Amino acid sequence: MVSPTISMRNKLFFPILGRSFWVLLICTQLFVHPVAAATKEPPIRIAITPCTEVAKTFKLFHPLAVYLEKQVKRPVSLVIPKDFQEYERFIMGRETDFAFQAPHTYVKLASHYNQELLLKALTPEGETRHRGVIIVRKDSPLKRIEDLKGKRVLFGAENDMAKSLASWRLLEKHGIRPDKDLAGYQHDGSCESIALNVFLKAVDAGAVCDFSFEEINAAREGGESEIPAGQLRILGQTDAIPTWVFSSLKGVDQELVRKVNTALTGLSKAKKEHQKVLEKAEVGGFVLARDSDFDEVRKVVPTSSRTHP
């Protein structure tokens, strides 16, 4: 079986519900690439914005890397940094060939990418836009976003558009300054972890992606949700925002970029062999994009009173 290389750095993981913390040390793993042995070409490096645990990110995107290796007939390395600062260094230092990132991150680093050959991900429902939602327990007394004043809220990773930036802005639009009006707030990575903290009353509310919430709250048989079905509800939702962006760095061979983009846009939920790849990556496919598709993000990000990375 083809095993894409994973490049990761040390990660300090502090669970909100835990009584202690530990260091999850993940060293770079080198796998033997059947494709590499046959072609003797260097691996295609794909950097992924960190918005959840490093190990989980690799697990989510490993099937996609395997798929690309088979389609492009080149080895693939997933470059997974421990935080946004390291991700930014990877891009600026040209330590990757491609990048998959939130629209806010793309906008910040757009000058480093080939803006003529962009893709954007589809949601599992096939949309090119999604929302962040503020969730609470089903039995919570909170009825409106304004009720969050003096409460504890758990946001997503600081560089996450839906679970952090847009959700922070949502609170501001309802007269709540999160850094002053909340009893407390923290940032966590995954929607599952945020939802679990809300369910267990570790926090009063949390910000997650809309499509992830539907999956978590449905508690489908065989799914990863540890929460009984229907125990959470939505308190409010953000404005619709663009989905994630797949881009190549400037200078990457355009023929290679076209091959990779063709492979990605060829993914279809209608094809049984593609379903696992898409489901694990939590996307519904990829479509062509233009840099101007993200102009609305350029307008939104600077208006928040909070400085995000």
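User: How many aromatic pairs does the structure hold?

Analyst: The structure holds 12 aromatic pairs. Here, rings of Phe, Tyr and Trp (its six-membered ring) pair if their centres lie within 6.5 Å. Bear in mind that this is a predicted model, where local features need pLDDT of at least 70, side-chain atom pairs count only at pLDDT 80 or more, and totals for chains, interfaces and linings use all residues. Residues are numbered from 1 along each chain as its sequence is written, and side-chain values use heavy atoms, with hydrogens and water left out.

User: What describes a pair of aromatic rings?

Analyst: You give the distance of the centres and the angle of the planes. Planes under 30 degrees apart count as stacked, over 60 as edge-to-face and the rest as tilted. Take Y106 and Y113: their centres are 5.7 Å apart with 10° between the planes, so the pair is stacked.

User: Are Y106 and Y113 buried or exposed?

Analyst: Buried means under 20% relative accessible area, exposed over 50%, and partly exposed in between (1.4 Å probe, protein chains only). Y106 is buried because its relative accessibility is 0%. Y113 also counts as buried, with a relative accessible area of 0%. Across the protein, 53% of the 309 residues are buried.

User: Which residues does T105 touch?

Analyst: Contact means heavy atoms within 4.5 Å. Leaving out residues up to four places away in sequence, T105 touches T49, F84, Y87 and N159. T105 sits in helix α4 (residues 103–109), and at 0% relative accessibility T105 is buried too.

User: How many helices and strands are there?

Analyst: Helices (H or I, at least four residues) and strands (E, at least two) are DSSP runs, numbered from the N terminus. This protein has 11 helices and 16 strands.

User: What describes two packed helices?

Analyst: You need the angle between their axes and the distance between the axes. Axes are lines fitted to C-alpha atoms, for helices over the stretch in contact, and angles run from 0 to 180 degrees between N-to-C directions. In this model, α2 (residues 54–72) and α10 (residues 272–281) pack at about 145°, with axes 7 Å apart.

User: Which residues make the contact?

Analyst: From α2 come K59, L60, F61, P63, L64 and Y67, while α10 brings H274, V277, K280 and A281. F61 turns up again in one aromatic cluster, together with F98, F100, W244, F246 and F286.
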